[in-house]
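Please read it beside the structure.

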Amino acid sequence: MLVIITGISSGIGFALARHYLEAGNNVIGIGRRNPFRHDRLIFFEKDLSQTTDFSFLEEPVSGTDELLLFNNAGVIGNVQRISEQQHSDIVSTIQVNTIAPMLLCQFVLQHYPLKRPLTIVNISSGAGRRPIPGWAAYCASKAALDMYSQTIYLEEKERNRNIRVYSVAPGVVDTPMQETIRKADPSTFSSLHSFIQLKENDELTDLKTVIGKMQTLLSTPYSGEVIYSLRDIQG
């Protein structure tokens with residue numbers, strides 16, 4: 001199986017890459033930097049805030065018998081009210097969190113053979129399912145990714161493609177993104193204290209738990225449901 005993972009530089013993407021490499025799979029990692037070397041890892045240095053062309057994946061995508069795609073890369077953007085941003089985060093946040101994964105999904109659907117097993121996992125967020133002041137662009141970007149995931153699944157089922165599509169909220173995970181959130185200005189981010197408390201009370205989800213629950217989800221027979229939260233998965 002070939003596994004493509006965006007955002008492997010740190011956090012969930014790094015943990016996913018390590019898991020699938022240790023399990024004996026071939027991995028293509030996409031990110032701004034490569035944190036490790038491995039014989040079965042092919043790394044493409046790409047900044048998804050600038051990348052709209054995924055033609056560099058055409059040969060490996062069309063040549064594999066089973067494909068698993070993780071659209072994991074994401075940015076929180078400015079943790080600040082939209083009306084108070086001197087430099088808007090809307091374009092950059094939507095580009096990384098929504099446009100890049102949409103284009104990568106489209107590329108894979110156009111180049112991967114119809115009858116071969118394909119699994120797409122888009123890493124979403126609970127913030128795409130409820131508004132959080134200070135995260136307007138981030139919330140909107142993840143809500144759009146949820147709807148896109150559901151729609152492409154229905155479209156490809158109409159084509160009788162052998163496909164599973166998931167849009168997965170991983171929960172509040174102990175990653176560098178959380179460090180960024182905790183550095184926000186409390187005058188522009190009313191939820192800051194809650195996120196600081198999660199860290200202080202050791203209530204952030206660790207990466208090992210995230211990977212375990214993700215594997216539980218992917219090993220469960222597919223029901224046609226697209227939207228998931230790992231908080232609801234036992235494992």
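This is a predicted model: local features need pLDDT of at least 70, side-chain atom pairs count only at pLDDT 80 or more; totals for chains, interfaces and linings use all residues.

Residues are numbered from 1 along each chain as its sequence is written, and side-chain values use heavy atoms, leaving out hydrogens and water.

**Aromatic pairs**

The whole structure holds eleven aromatic pairs. Rings of Phe, Tyr and Trp (its six-membered ring) pair if their centres lie within 6.5 Å; planes under 30 degrees apart are stacked, over 60 edge-to-face, the rest tilted. Two of the pairs are tabulated.

| Pair | Type | Centre to centre | Angle between planes |
|---|---|---|---|
| W135 and F189 | stacked | 5.7 Å | 15° |
| Y166 and Y222 | edge-to-face | 5.1 Å | 70° |

W135 lies in the loop between β5 (118–123) and α4 (136–158), and F189 in the loop between α5 (176–182) and α6 (192–200), so their pair ties together parts 54 residues apart in sequence. Helices (H or I, at least four residues) and strands (E, at least two) are DSSP runs, numbered from the N terminus. W135 and F189 are both buried. Buried means under 20% relative accessible area, exposed over 50%, partly exposed in between (1.4 Å probe, protein chains only). W135, Y138, F189 and F195 form one aromatic cluster.

Y166 is buried at 1% relative accessible area, while Y222 is partly exposed at 21%.

**Charge and cysteines**

The charged end of K46 sits over the F56 ring, 4.6 Å from its centre. The rule asks for NZ of Lys or CZ of Arg within 6 Å of the ring centre and within 35 degrees of the ring normal.

The count of disulfides (pairs of cysteine sulfur atoms within 2.5 Å) is zero. C105 is buried at 0% relative accessible area, and C139 is buried at 9%.
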